[in-house]
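Work through each task with the structure open before reading its solution.

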Amino acid sequence: MSSEEKSKKLSALKEKMVADENLPLREANFVFGEGSAESEVMFIGEAPGFFEDKLQRPFVGRAGKLLGRLLADIGWRRENVYISNIVKRRPPGNRDPLPEELEAYRPYLTEEIGILNPKIIAPLGRYSMNYILPNAKISDAHGKVFWWGERLVIPLYHPAAALRSTGVLQELEKDFQKLKILPGKYETFLAERREKQRNNPMVSQDKKEQEKLL
Ligand code: URA
């Protein structure tokens, strides 16, 4: 799909979500994903906070500023990646999203990912990580690289957690160094994986094998 087509489809998805009266948290503003429709990398956060709600843009508060700094540190520009959230409206008082809220927004996130078709997904924090890896623990899975279909997934700590802990910030900075090299490795990893699957269609996709990627 061309990037124009992707942009059109993303706009249509946004309109569909805005019109969906069954989606929870309708008292808050709607905050859709933003960035380059051509991006190979998609970041997925949890839900908009205070500033995101005000400006109707994802990751524009303190956590967003840190995300911008981490991107700059690895030589990437925010406008060249794609940044979204699972839940597209702010939970009152920035509370954690409820299971039923995550459930309601989940199919739309699946559509958003399908349209963007990123090679690499970086979930920020446990909520978006658990959308992809339901049983993973962020303290264990962060910075490891997993296959999800033919997409690479690298769970990262949420930047808000890094603002509260220097230890977490250091881990996040390290994990960004790993993220930096993934786009360049993607085709090689995929070719190796397809080759392995050709030789052994039952090839396990267990965690150990996935973690050996890097
Ligand atoms: N935290 C999130 O998870 N998403 C945002 O957009 C901002 C803060």
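**Exercise 1.** How many Å separate a nitrogen atom of the ligand from an N or O atom in the side chain of Asn85?

*Solution.* The model is a predicted one, in which local features need pLDDT of at least 70 and side-chain atom pairs count only at pLDDT 80 or more, while totals for chains, interfaces and linings use all residues. Residues are numbered from 1 along each chain as its sequence is written, and side-chain values use heavy atoms, with hydrogens and water left out. For the pair in question, the side-chain N or O atom of Asn85 and the ligand nitrogen are 2.8 Å apart.

**Exercise 2.** Describe how the ligand is held among its neighbours.

*Solution.* Start with the shell, whose residues each have a heavy atom within 4 Å of the ligand: Gly45, Glu46, Ala47, Glu52, Pro58, Phe59, Asn85 and His158. Next, sort this shell by class, which gives three nonpolar, three polar and two charged residues; here Ala, Val, Leu, Ile, Met, Phe, Trp, Tyr, Cys and Pro count as nonpolar, Asp, Glu, Lys and Arg as charged, and the others, Gly among them, as polar. Then turn to the oxygen atoms of the ligand: one lies 2.9 Å from a backbone N or O atom of Phe59, and an N or O atom in the side chain of His158 is 2.8 Å from a ligand oxygen. Finally, of the 240 Å² of accessible area that the ligand has on its own, the protein covers 92%, the areas coming from the Shrake-Rupley method with a 1.4 Å probe.

**Exercise 3.** In which pocket does the ligand sit, and which residues lie nearest the centre of the largest pocket?

*Solution.* The ligand sits in the largest pocket, in the sense that more than half of its atoms lie within 2 Å of the pocket's grid points. Such a pocket is an open set of points on a 1 Å grid over the protein atoms alone, where a 1.4 Å probe fits, with protein on both sides within 12 Å along at least five of seven lines, and lining residues have an atom within 4 Å of a point. The lining comprises 25 residues, with Glu46, Ala63, Asn94, His158 and Ala160 nearest the centre. By class, eleven residues of this lining are nonpolar, seven polar and seven charged.

Methods: Polar contact = N/O pair within 3.5 Å; in protein donor to acceptor, adjacent residues only side chain to side chain.
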